[in-house]
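Open the model in your viewer and keep the selection tool handy. We will go from one stop to the next.

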Amino acid sequence: MIRLLGAALIMGACLWFGAYFALREKYRLEELEELERGLIYLQGQIGYLSAPLSAALEGVGWRMNGRLGSILRQAAEALSERQGESAEEIWRRVWQEAAGKTFLTAEDEKNILAFGHSLGYLDRGQQEKSIALLLRTIEGELSRGRERLRKNGRLYYGMGTLSGLLLVVTLL
């Protein structure tokens, strides 16, 4: 009886690890899609409404779901207070504080931080081009991520199952 319970626990843990890796990629894609929608909205706020950066980021932050919306709202709040920091420094600080709290990869965060270099000091047209560049980068990451999830998603589940079976057979 104890052996069966142990085997079930081992199988459950291995299946959970396989599901974790598959779902992590899925959640990353969802966050990238949310960021893409937010950037499109930000581009509209800056381009058509000529909204100040802090107001535009706050509006985008309230429209976005989850942790990314919270990050943008924090950036907007810090920009409106402006305690001697540039917009780039504020952007970097807010995103670095949020590192590890999202499903975004280090490469995604690097691209987002690179976008921060253009915040606050470029004219409206250059801001729009900078947002468009980040949008193209996100679109590329989304297509690569979807392909990776399609190809590896079932593999993660299968590897979890097979590693669990291997452990159970080895231990029994």
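At what angle do the axes of α1 and helix α2 cross? Select residues 2-47 for α1 and residues 53-63 for α2: the axes cross at roughly 145° and come within 9 Å. Axes here are lines fitted to C-alpha atoms, for helices over the stretch in contact, with angles from 0 to 180 degrees between N-to-C directions. Helices are DSSP runs (H or I, at least four residues), numbered from the N terminus. Contact, meaning heavy atoms within 4.5 Å, is made by α1 residues including E34, Y41 and I46 and by α2 residues including L53, L57 and R63.

A note on the source: this is a predicted model, where local features need pLDDT of at least 70, side-chain atom pairs count only at pLDDT 80 or more, and totals for chains, interfaces and linings use all residues. Residues are numbered from 1 along each chain as its sequence is written, and side-chain values use heavy atoms, leaving out hydrogens and water.

Next, stay in α1 and pick F17.

Now move to helix α4, residues 87-97, and show E88 and R92. Their side chains form a salt bridge at 3.1 Å, N to O (a side-chain nitrogen of Lys or Arg within 4 Å of a carboxyl oxygen of Asp or Glu). The two are about one helical turn apart, because 4 residues separate them in α4.

Last, go to helix α6, residues 124-171, where E147 and R150 pair at 2.4 Å.
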